[in-house]
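Please find below my comments on the model under review.

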Amino acid sequence: MGCRPLVGPSAGLRPVLEDDLPMPNRSGNQKPVELPEQSPDIEFFWDPVCPFAWQTSRWLRRVAELRSLTVDWRFINLSILNEERDYDAEFPEGYRESHDRGRRMLRVAAAVRAAEGVESMDRLYQAFGETIWHRVVDDGTDFRADVATPDHLARVLDQAGVDRLYANAATDSSWDTELRAETLEAVGRTGDDVGTPIMTFGPPDGPSIFGPVISSIPETDEECLALYDATVTLCGFDTFSELKRSARPRLDLPVITGRSG
C-alpha cells in the first residue's frame, strides 16, 4: 500500500527555532491563498513523509512534461488524517512522531505558499523529496533522524530558493487550520480508508483517486504514459473503486536501497 492512514515513515525530532524571526501574519486579515488563474490539469495532494507519494510525484512530473500538463501540489497530512487513531495500538513504534514531522514540514510549505504563491510548491516539494529520499546514509543510521529539524528545513528552503525564515512556521499551529481543510477536501473526494497520494484529474469536479502506488518509476516514457492513460481511464468509470495487490518490489529510493542514483 501507499501511505494509507496506518502507514508512513517513523520517528522524528522536534525542531527548535528562533522566536524572533518574522513570519507571515496568521491573524484574521491574513490574505487568502491565491489560486491559479486557470484550473490546473491535475491536483496532487502530498505529505513529505510518505515515500510512495514522492515516488508517484516523480512519475507524474515526467508525464506532465511529456503531455504539457499543469499540476497544483496541494497538502494532505497523515497526522491529521489519523488523529482519531490509537497510535500505540494500531501503528508501529515511531509513526506518531514521523507523522508529526510531516505536519511541521507542511506548516512550512503552507507559509511559503501563502507568501510566494502556488508556483513555489513544485520546487519546494522537490526539495523536500530530494533531501529526504535521495541520499545514502551509513549502516545503522536512522535516516529519519534529521528530517524536519532546523538544519534540514534550512537546506530545503535554500534548495527551493526561498527565505530560511519560513522555517519558523514549523512550530506555528495556526497553519493547521489550512492543513486540515485540504486534508478533508482530499479525502472528501475519494472517500475514507485512503492515504497519500491523492490525485484529482480535471479539478475540482473531475475524478479523484488514491494512488497510483508505485515502487519505482517506469523505465521509459512510453511506459510512464501507458500507466497514466490506464489510471485516467479507470478513474473515468464512476463505478470503479479499487484494484490492489500487496506483493511488490522494494521502494527504489537511495535512502532505502543504500544505492546512490
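1. In this predicted model, Ile-42 stands opposite Phe-201 of strand S3. The two strands concerned, S1 (residues 42-46) and S3 (residues 198-201), run antiparallel to each other and are joined over four bridges.

2. The sheet to which they belong is open and has four strands, ordered S2-S1-S3-S4, with mixed pairing. S2 and strand S4 (208-210) form its edges, each pairing on one side only. Neighbouring strands are turned against each other by 20° on average, with direction ignored. Helix H7 packs on this sheet and touches S1, S2, S3 and S4. The direction of H7 makes about 115° with that of S2.

3. The surroundings of the two partners may be stated separately. Arg-74 has a relative accessibility of 10% and therefore counts as buried, the cut-off being under 20%. Glu-185, at 30%, counts as partly exposed.

4. A further salt bridge involves Arg-107 and Asp-176, whose closest N and O atoms are 2.7 Å apart. This pair also links distant parts of the chain, since Arg-107 lies in helix H4 (residues 95-116) and Asp-176 in H7, 69 residues apart. Both Arg-107 and Asp-176 are buried.

5. The pair formed by Arg-259 and Asp-252 has its closest N and O atoms 3.7 Å apart, which is within the 4 Å limit for a salt bridge. Arg-259 is exposed, its relative accessible area being 52%. Asp-252, with 38%, is partly exposed. Elsewhere, salt bridges with shared partners join Glu-43, Arg-74, Arg-113, Glu-178, Glu-182, Glu-185 and Arg-189 into one network. The count of salt bridges comes to 19.

6. Is helix H4 enclosed or exposed within the structure? Of its 22 residues, 17 are buried, so H4 is largely enclosed by the rest of the structure. From first to last C-alpha, H4 reaches 31 Å, close to the 32 Å expected at 1.5 Å a residue. The residue that follows H4 is Gly-117, which has a positive phi near 95°.

7. As to the overall arrangement, the chain contains nine helices and four strands. Along the sequence these follow the pattern β-α-β-α-α-α-α-α-α-β-β-α-α. Among contacts with a separation of 6 or more, 78% are between residues 24 or more positions apart.

8. Buried residues make up 49% of its 261 residues. The chain exposes about 12900 Å², and carbon and sulfur atoms supply 47% of that area.

Key:
Residues numbered from 1 in each chain as written. Predicted model: local features only at pLDDT ≥ 70, side-chain atom pairs only at ≥ 80, totals over all residues. Heavy atoms only, no water. Salt bridge = Lys/Arg side-chain N within 4 Å of Asp/Glu carboxyl O. Buried < 20%, exposed > 50% of the residue type's maximum accessible area, 1.4 Å probe, protein only. Pairing = 2+ DSSP bridges. Axes fitted to C-alpha atoms, helices over the stretch in contact; angles between N-to-C directions. Contact = heavy atoms within 4.5 Å. Expected span 1.5 Å × (residues − 1). Areas by Shrake-Rupley, 256 points an atom, 1.4 Å probe, with all protein chains shown as cover.
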